[in-house]
Amino acid sequence: MRVVQFDRFGPPEVLCINDIPTPQPGPGEVLVEVHAASVDAGETAFRAGKMRRVTRSRFPRGLGSDFTGRVAAVGSDVRAWKVGAEVWGLMPHFTFGAIADYVAVPEQRLARAPENLSLLEAAALPVSGTTAMTALTDKAQLQSGERLLVRGATGGVGSVTVQLGKALGAHVTALAGARNLDWITQLGADETLNYRTTRPDDLDRFDVIVDVVGTDLGAYQSRLTHRGRLIALAFDPDRVVSSMLSTGLRAATTPRRIKMFSNNPPVERIAELTRAAEAGTIRPMIDTVFPMHDIAAVHHRLETGGVRGKHVINMQRL
């Protein structure tokens, strides 16, 4: 089967398509024939080696943490899934490799794919949707009527956070690039501001801030209300490890104000995302669909910035 891998750190050109044996599902595992997978901007740091001090995985390494597809086989003790069922899900935590023809994953990493979306459309949601849900409902405990600021509102997580925040009854302010302000308004934002011309001191105070940028957290923390909460979902791309450490220290010393987490949703959350997608509460936002062989071009696009939603890899042979 085909799989995207890299055998050394470097620019997008280190990514290649290799042919490896198709995995076999073990006890409690499901083999999924992948239809589509999304590309996470955070994985560019792994590929470039910016995370080498905190990751110990051996080469070759895969890419992709979420996927949609159809059940191809099940391991022993699996009763919930039948061959042919349409599913979506996430790779085991801190395991990449979804950009492949097949993945074998624990059945707890899967849920029924939404019936109102194609498998290609749905591929933009598993990671982004579960991350936004955990940020707003579990970590921030966002309440109707509260003021929410989404910083980095045009990306995969940001665009879902805007939608979900509005559905939960918040007044949503979004920071985005000038060309995307009307687009973010259509997603439900009550107020949109150009991040290039809006300084933190220009902002009002917010009950919840979801940050998907990772820089200047102290300046944005100062815009919280007395009981405000900042959910940090990204790190400074130019100093990933030191940014991770400083944000972790902030969260440890002020746990009620600064919260961070590594998204590892239980099966109940993935199923909750299915229901939200079918209800129309959350819609997938796809910037561009690429074939598998254009994976290097996708990473170049991610490093350039300006993505609206997610880039998706169509795994079907065209």
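Which residues of H8 are buried? These legends walk through the answer and its surroundings.

**View 1. Helix H8 spans residues 267-279 of a predicted model.** Residues are numbered from 1 along each chain as its sequence is written. In this predicted model, local features need pLDDT of at least 70 and side-chain atom pairs pLDDT 80 or more, while totals for chains, interfaces and linings use all residues, and side-chain values use heavy atoms, without hydrogens or water. Helices (H or I, at least four residues) and strands (E, at least two) are DSSP runs numbered from the N terminus. From first C-alpha to last, the 13 residues of H8 reach 19 Å, close to the expected 18 Å (1.5 Å times one less than the number of residues). Just after H8, Gly280 has a positive phi of about 85 degrees.

**View 2. H8 has a buried side and an exposed face.** Arg269, Ile270, Leu273, Thr274, Ala276 and Ala277 are buried (under 20% relative accessible area; exposed is over 50%, partly exposed in between; 1.4 Å probe, protein chains only). They cover an arc of only 165 degrees around the axis, so they sit on the same side of H8 (the arc is that of directions from the helix axis to the C-beta atoms). The face turned away carries exposed Glu268, Arg275 and Ala279.

**View 3. The buried residues of H8 meet their packing partners.** They pack against strands S6 (86-90) and S8 (110-112) and helix H3 (126-139).

**View 4. Val162 and its contacts.** Leaving out residues up to four places away in sequence, Val162 touches Val150, Ala153, Val172, Ala174, Ile184, Leu187, Gly188 and Ala189 (contact: heavy atoms within 4.5 Å).
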